[in-house]
Amino acid sequence: TMQNMLDIYGSLFSNSSIEDAWKVKVAGRKFQLEELEDLVTKFLKYRLDATNLLTYLRNSTKYEAPDLREVILNRFAKDADAVLDDEAMLDLNQEDLTNLMQKQPVCPAKKVVDVLIGGRGNAKSKYGIFFMIQSN
């Protein structure tokens, strides 16, 4: 059955090959293997955590997975404090950053400001104006 196939294939996935799981999800969609796509989606949801949330966010756009995107954004609202420590926050595009902040994350406001306009390299030039516009 499809579940057995995924169990076998799923055991091959590691944190370093989560990218492969995204590709299997896309293949399931492309070949209209709904059960496979659903099982891989469950697998990806299970593996989602604060350490890979930003990668998942980028992949949700890259692999056109709006079903997972909403899950990712909601998870950010809960895990924002840990995710904001990730240097990859500085690499987000404006749309992703806006979507994250619209979820009204539970974290100290000072931490958001420190990440966006604090002393972290180009953060001030990249997001300073954006943050001022959004906060008005």
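Predicted model: local features only at pLDDT ≥ 70, side-chain atom pairs only at ≥ 80, totals over all residues.

Residues are numbered from 1 along each chain as its sequence is written, and side-chain values use heavy atoms, with hydrogens and water left out.

Helix α2 (residues 18-30) packs against helix α3 (residues 34-47) at about 155°, with the axes 8 Å apart. The two are therefore roughly antiparallel (angles over 145 degrees count as that). On the α2 side, the contact (heavy atoms within 4.5 Å) includes Trp22 and Lys25, and on the α3 side Glu37 and Phe43. The residues of this contact split into eight nonpolar, two polar and five charged.

Now the charges: the structure holds nine salt bridges (a side-chain nitrogen of Lys or Arg within 4 Å of a carboxyl oxygen of Asp or Glu).

| Pair | Closest N to O |
|---|---|
| Glu19 and Lys62 | 3.1 Å |
| Lys103 and Glu70 | 2.5 Å |

Glu19 sits in helix α2 and Lys62 in helix α4 (residues 53-62), 43 residues apart. Glu19 is partly exposed at 25% relative accessible area, while Lys62 is exposed at 53% (buried is under 20%, exposed over 50%, partly exposed in between, with a 1.4 Å probe and protein chains only). Glu37 is buried at 16%, and Lys25 is buried at 0%. Lys25 and Glu37 also belong to a salt-bridge network with Arg29 and Asp67.

Notes. Axes fitted to C-alpha atoms, helices over the stretch in contact; angles between N-to-C directions. Helix = DSSP H or I, 4+ residues; strand = E, 2+ residues; numbered from the N terminus. Parallel < 35°, antiparallel > 145°, perpendicular 65-115°, else oblique. Nonpolar A, V, L, I, M, F, W, Y, C, P; charged D, E, K, R; others polar.
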